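Subject: Structure handover

Hello,

Here is the structure for you to look at. My notes on what was found follow below it.

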Amino acid sequence: MAALIELNGVGKSFASRAVLQAVDLNVVPGRIVTLIGPNGAGKTTLVKIVLGLLQADSGSIQRSADLRVGYMPQKLHIDPTLPLQVDRFLRFASSDPAANLAALQRVGIAHLLKQTVSALSGGEMQRMLLARALLRKPNLLVLDEPVQGVDVTGQEALYQLIGELRDELNCGILMVSHDLHLVMAATDEVVCLNQHVCCHGTPQQVSVDPEFVALFGGKTALYTHHHDHEHDLHSEVLNSSGQTANSTGSPCGGPTDV
Amino acid sequence: MYDFLYLALLGGLGVALVAGPMGSLVVWQRMAYFGDTLAHGALLGIALGMWLTWSSTLAVIAVCLAIAGLLIVFERQRLLATDTVLGILSHGSLALGLVALTLIPGARTDMEALLFGDILTVTVAEVAVVWLMAASVLLVLWRLWPALLAITVHEDLARVEGVAVDRVKPMLKLLLALVVAISMKVVGVLLITALLIIPAATARHFAKTPEQMAVLASVIAVFSVCSGLASSWWLNTPVGPSIVVCASLFFVLVFAVYNRRV
């Protein structure tokens with residue numbers, strides 16, 4: 001299958017310090033590729049090169065002619081002085097209110113349409129960002145640390161949503177992560193980055209690769225989760241007044257951050 | 001009979017209208033110090049105008065634009081933090097302006113008018129320039145509004161979605177330079193930033209969308225100019241500071257009422 005984006009031998013330096021060296025990367029439709037690596041490994045730099053926000057110093061980058069990127073940045077900080085509600089936030093991507101509502105419905109936060117952005121929880125914020133990325137009708141989703149600031153239960157739900165979106169849209173997904181357990185279960189291919197590509201392959205292959213073990217230690221057991229129950233997002237986070245309420249009787253007992 | 005008063009009001013209103021959306025952007029992007037720097041540069045502009053015998057409005061606009069340009073260039077280096085660069089330019093140009101004004105032979109300067117505004121002596125031509133500039137700035141802000149807002153929210157995301165960030169960002173600074181240049185006559189060098197940020201900060205309490213905040217800030221600025229002029233007329237106080245005092249009173253009032261409710 002033709003790649004959506006293909007990087008060959010990409011290198012990048014900042015102030016003569018090499019951040020990336022000879023990186024190959026390739027995302028095809030319908031596959032989730034996850035970049036993992038320690039802090040300072042160049043993950044964000046690589047994502048910025050993929051997005052065209054940074055120019056590589058060397059190597060080649062091929063983008064497919066019909067590439068449409070939906071980008072979900074690592075963290076959104078909205079200054080409290082900026083009055084911004086979720087519906088207004090989505091208008092940056094699309095001026096069609098029906099489409100915006102549909103995107104919110106798809107990510108499970110339609111009830112937050114009129115919510116102030118700076119009052120959203122971590123998980124709600126990530127879902128809103130995902131909705132904005134979806135509104136661009138992307139064939140490539142670039143998700144920089146999509147579960148940051150979300151608790152474990154919420155992370156699992158988000159990864160599940162990302163997997164569903166991949167199936168529905170048949171888009172390629174490039175994801176950045178530094179957590180290991182959950183993301184390994186949610187991805188087709190792992191690229192382990194530490195300035196260069198240490199190893200890559202399926203999660204099963206990578207988790208036993210000596211270079212991976214050297215970076216992350218041998219303790220990393222692959223997280224395979226078996227669902228024994230489902231959460232209903234709306235009843236979970238909504239009380240009668242329409243305000244968000246934390247964990248009203250989650251069967252797991254833990255707080256649910258979605 | 002009170003022609004000068006109407007003229008002052010007209011000039012003040014032109015500035016107040018543009019202060020709403022521009023002030024909101026200054027608040028959101030934390031550019032208050034940037035505004036101060038431009039305002040201090042305006043003093044240097046006055047000195048330059050006298051020296052070259054240009055019209056002072058023209059000279060102020062030229063110097064403000066030049067300082068904005070300098071800052072745009074300086075922002076691209078990483079050796080010094082932006083607020084350090086701003087501090088150097090801000091106080092450097094203020095000091096240079098003050099020194100230059102005393103050195104220029106024959107320059108009879110009313111320092112108080114420069115520092116705190118002198119709207120009551122505004123001429124028809126100056127009011128025309130104020131309205132021309134204010135209208136142009138409002139027009140450009142209107143056109144760039146979605147892009148400016150997208151950049152305020154998240155610059156990289158805006159860039160990925162096709163916003164011409166590298167064109168729009170410097171544009172905002174140039175527009176701010178123009179607003180500062182036309183505000184100088186109304187409230188003076190030291191109080192320009194106040195006229196930008198206080199109405200916007202007051203409007204924040206009521207606004208649910210960025211657009212509401214921008215429009216409401218203009219309304220509050222208009223009220224501040226009107227009430228400032230009126231109180232200056234009745235109490236015989238300087239106009240510029242009176243306008244800022246009124247704006248501040250509105251802010252304190254709204255803040256007190258709003259925070260009691262929360």
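What share of the contacts in chain A with a separation of 6 or more comes from residues 24 or more positions apart? They account for 67% of these contacts, where contact means heavy atoms within 4.5 Å.

Please note that this is a predicted model, in which local features need pLDDT of at least 70 and side-chain atom pairs count only at pLDDT 80 or more, while totals for chains, interfaces and linings use all residues. Residues are numbered from 1 along each chain as its sequence is written, chains are lettered from A and ligands numbered from 1 in the order in which they are written, and side-chain values use heavy atoms, with hydrogens and water left out.

Chain A as a whole

Chain A has 9 helices and 9 strands; these are DSSP runs numbered from the N terminus, with helices being H or I of at least four residues and strands being E of at least two. Of its 258 residues, 51% count as buried, that is, under 20% relative accessible area with a 1.4 Å probe, protein chains only (exposed is over 50%, partly exposed in between). Asn100(A), in helix 3 (residues 97-106) of chain A, counts as buried because its relative accessibility is 4%. Leaving out residues up to four places away in sequence, Asn100(A) touches Asp87(A), Leu90(A), Arg91(A), Ser94(A) and Leu135(A).

One sheet

Three strands of chain A form an open sheet in the order 2-1-4, with antiparallel pairing; two strands pair if DSSP finds at least two bridges between them. Strand 2 (17-27) and strand 4 (58-63) are the edge strands, each pairing on one side only. Strand 1 (residues 5-14) is joined to strand 4 by 5 bridges, and one bridge partner pair is Ile5(A) and Arg63(A).

Between the chains

Chain B and chain A bury about 2000 Å² between them, 61% of it on carbon and sulfur atoms. Buried area is the accessible area (1.4 Å probe) that two parts lose on being put together, summed over both. Val153(B), Val160(B) and Glu161(B) supply 31% of the area that chain B buries against chain A, more than any other three residues. The contact takes 24 residues from chain A and 21 from chain B.

There are 4 salt bridges between the two chains, each a side-chain nitrogen of Lys or Arg within 4 Å of a carboxyl oxygen of Asp or Glu. Glu161(B) forms a salt bridge with Arg132(A), with the closest N and O atoms 2.9 Å apart.

Regards
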